[in-house]
Amino acid sequence: MSAKLSHRYRTQYTYLMQTVVTILIAVFCLTPMFYILSTSLKPRGAEYMIPLELWPSKPTLQAYRAVLGIVEEAELASESKGSMVLPADQARIVKSLSFVTPLRNSLIVSSAVAAFSLLISSLSAYAIARLRFRYKIQSLIFLQLGAMIPIAVTIAPTFMLMRSLGLLRTLLAMIIPNIFYNVPMSTWLIACYFAELPFDLEDAAKVDGYKPIQIFWKVIIPLAAPGLFSAGVFAFLGSWGEFMLASAVSMGIPAVQTVPAAMLNFSVQFRYEWTWISAAIILSVALVAFMTLVFQRWVIRGLTAGAVKY
Amino acid sequence: MKIRLREPTIAFLFLLPAFIGVIVFYYYQIVQTGIYSLHNLQHTADWQTQPFVWFKNYATVFRSTYFWQSLRFTVYFTFMATVLELAVGLGMAMATFWVSRWLGGILRAIIIMPWVIPPIINAMIWRWLFHADVGLFGYILVSLGLVDKPPLFLTEPMLAVHSVIFADVWKNSSIMAIFLLGGLAAIPADIYDAAKVDGARSWFRFRKVTLPMLLPTILVALLFRGIDALRTFDLIYGLTGGGPGTVTETLSSFAYKYYFTYGKFGLGSAYAIVVFAIIVGLAAVYLSRIRRNMRFKE
């Protein structure tokens with residue numbers, strides 16, 4: 001009797017503890033983003049009011065409208081009475097720093113990087129995982145060792161290379177290097193997937209008279225879709241956050257800045273407008289956070305591919 | 001006419017685009033940076049037209065107190081951040097593994113969130129949370145009665161150093177946790193069951209069963225994070241700008257400053273080569289560890 005009771009007490013206690021631990025971790029991981037979200041919903045200037053509000057009493061989308069450049073002059077005029085900056089000027093500044101352009105640029109860069117690094121890595125992964133030749137591991141190591149080199153080490157010559165190609169201040173200067181920054185990791189990820197497919201596939205296809213490129217394209221690629229997908233999401237996320245190269249080759253020109261470079265620019269220009277900066281942060285993180293949540297399983301698989309063999 | 005290619009030739013052709021790209025954007029660049037570091041190179045000048053100065057840039061670097069200070073900070077930052085991330089990450093991984101399936105699923109989704117945030121945006125977030133007057137962090141400390149007024153997180157040297165470390169730990173503990181979760185999942189369940197049958201208490205089980213089994217994963221995770229932490233740049237650039245003074249300047253952020261702020265490509269390259277030299281050693285160990293995972297049918 002008492003043993004049974006204590007068992008029940010113990011399960012309930014365990015359940016309570018589990019919930020507490022979950023909440024603690026959630027607080028640790030989510031509080032910073034939560035507070036940024038809350039700041040972004042405050043009316044302009046309210047972010048400096050003491051006592052701090054954890055959640056705004058009157059949430060407003062003002063900051064998002066400003067950051068997306070859909071602010072109206074009248075609105076600004078009513079807000080900034082007594083401010084040194086003329087409303088018309090302020091509207092112009094806001095328009096010029098509209099976050100729509102960086103978001104669009106980042107979308108272009110990241111999609112292009114994901115697509116091309118997938119194309120190139122799936123070829124190399126196919127060779128490593130499925131074709132007969134001697135230096136498989138060495139090839140993989142060669143690619144991986146390259147990826148260990150910090151961008152700080154390669155940035156100066158890459159900058160010069162882009163200059164001599166006349167690509168400075170264009171999105172291509174970010175796209176091309178970023179493709180290859182992601183190729184080593186993608187190759188490995190995809191190779192791991194390819195290696196799991198049965199090897200009879202090739203033999204069957206050869207009997208049917210397929211050429212190697214046809215086997216690759218028509219048999220292997222469709223079957224390895226999840227692996228390709230994981231690598232694609234990975235490359236997308238990687239290039240979305242890449243800052244050093246993006247800020248060097250965009251050279252402060254807003255029209256070609258991706259999100260990370262524009263973010264820094266923005267936070268310097270509007271140093272005191274934390275509702276705006278917060279809104280910009282939320283906008284830059286929203287898409288990738290959503291993607292990660294949806295494709296969580298693949299992302300985690302990608303992350304751990306190097307450290308842990310499943 | 002029909003050309004029949006042998007399989008190794010096809011493999012070579014398939015590998016070619018990846019190899020060319022990686023050679024052009026990694027290996028060739030190292031050589032270039034090496035060459036730059038031997039020249040008195042100003043901003044966008046062509047290195048062939050600039051004076052060759054042997055190891056003068058390195059001499060300048062090694063003689064400068066800034067270099068030693070930033071080397072010290074880089075190493076301290078890497079050590080502290082990696083160790084703390086291991087502790088926090090291990091805690092989070094064990095918790096996720098321990099709670100019910102349902103809560104575990106939620107935890108996984110929560111834990112991965114800080115990892116998603118790009119480093120430069122992480123820097124922005126913490127600049128606001130560490131704000132000297134209205135930062136949430138200082139506000140909480142004041143509300144709890146721990147301090148009288150919000151500490152100057154980013155302007156007091158000792159505090160700034162640790163604020164940067166904290167911001168890094170917040171973001172990167174999640175990747176540590178994800179690594180270790182993978183490692184935990186790979187431990188065969190019957191080992192636990194055997195230990196349970198033997199009546200081993202949970203702490204003893206953790207110390208004698210889980211930890212030893214997890215050790216290879218921990219080592220790889222530490223190396224992976226260590227290599228990444230040594231080249232930290234974005235976080236510093238966005239959060240403190242290397243300040244106050246040059247207290248939180250890493251080798252990478254110094255290199256970047258020499259390139260694009262002072263326009264001294266030669267000197268910056270010397271910094272970069274030093275970073276490379278430090279990382280190459282760790283990278284070799286890391287690759288030799290993960291090599292065991294690279295098994296493909298010959």
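This is a predicted model: local features need pLDDT of at least 70, side-chain atom pairs count only at pLDDT 80 or more; totals for chains, interfaces and linings use all residues.
Modeller: Let me begin with a rule that the first case needs: two residues are in contact if their C-beta atoms, placed from the backbone, lie within 7 Å.

Colleague: Which residues is Tyr271(B) in contact with, leaving aside its neighbours within four places in sequence?

Modeller: With those neighbours set aside, Tyr271(B) is in contact with Val61(B), Leu251(B), Phe254(B), Ala255(B) and Tyr258(B), and each of these pairs is called a contact because the C-beta atoms lie within 7 Å. Two of these names, Tyr271(B) and Ala255(B), return in the largest nonpolar core, where they are listed with Tyr126(A), Ala152(A) and Val275(B) as the residues with the most contacts inside the core, which has 173 residues in total. Helix H8 (residues 172-196) of chain A gives the most to this core, namely 15 residues.

Colleague: What makes you place this core in relation to domain 1 (2-96) and domain 2 (100-304) of chain A?

Modeller: Both domains of chain A give residues to the core, and therefore it lies between them. The bounds themselves, 2-96 for domain 1 and 100-304 for domain 2, are those of the domain assignment of chain A. In the contact between the two domains, domain 1 takes part with 14 residues and domain 2 with eleven residues. On the side of domain 1 that touches domain 2, the elements giving two or more residues are H1 and helix H2 (62-67) of chain A, and the residues of that side divide into seven nonpolar, four polar and three charged.

Colleague: How many residues do chain A and chain B bring to their contact, and which element of chain A gives the most?

Modeller: Chain A brings 86 residues and chain B brings 84 residues. On the side of chain A that touches chain B, helix H1 (residues 2-40) of chain A gives the most, with twelve residues. Sorted by class, that side has 62 nonpolar residues, 19 polar residues and five charged residues.

Colleague: Is Pro212(A) buried or exposed, and what makes you say so?

Modeller: Pro212(A) has 20 C-beta neighbours inside 10 Å, and the cut-off for a buried residue is 20 or more, so Pro212(A) counts as buried. Its place is in helix H10 (residues 212-223) of chain A. From Pro212(A) to Ala262(A), which is 50 residues away in sequence, the C-alpha to C-alpha distance is 45 Å.

Colleague: Why is Arg169(A) called partly exposed?

Modeller: Around Arg169(A) there are 16 other C-beta atoms within 10 Å; a buried residue needs 20 or more and an exposed one has 12 or fewer, and therefore Arg169(A) is partly exposed. Arg169(A) belongs to the loop between helix H7 (151-164) and H8 of chain A, and its phi is near 65°, a positive value in a residue other than glycine. Most residues other than glycine have a negative phi.

Colleague: Where is Met251(A), and why is it called partly exposed?

Modeller: Met251(A) is in the loop between helix H12 (244-250) and helix H13 (259-269) of chain A. Its count is 14 other C-beta atoms within 10 Å, and since a buried residue needs 20 or more and an exposed one has 12 or fewer, Met251(A) is partly exposed. Met251(A) also has a positive phi, of about 50°, although it is not a glycine.

Colleague: What makes Gly105(B) partly exposed?

Modeller: Gly105(B) has 13 other C-beta atoms within 10 Å, and an exposed residue has 12 or fewer while a buried one has 20 or more, so Gly105(B) is partly exposed. Gly105(B) is part of helix H4 (residues 101-116) of chain B. Its C-alpha atom and that of Ile165(B), 60 residues apart along the chain, are separated by 28 Å.

Colleague: How many residues of helix H8 (residues 189-197) of chain B are buried?

Modeller: Among the nine residues of this helix of chain B, the count of buried residues is zero, and the helix is hardly covered. After H8(B) comes Gly199(B), with a positive phi near 80°. In chain B as a whole, 44% of the 298 residues count as buried, and the chain has twelve helices and zero strands.

Notes:
Residues are numbered from 1 along each chain as its sequence is written. Chains are lettered from A and ligands numbered from 1 in the order in which they are written. Helices (H or I, at least four residues) and strands (E, at least two) are DSSP runs, numbered from the N terminus. Ala, Val, Leu, Ile, Met, Phe, Trp, Tyr, Cys and Pro count as nonpolar, Asp, Glu, Lys and Arg as charged, and the others, Gly among them, as polar. Domain bounds come from an automatic or database domain assignment. A nonpolar core is a set of buried Ala, Val, Leu, Ile, Met, Phe, Trp, Tyr and Cys residues joined through C-beta atoms within 7 Å.
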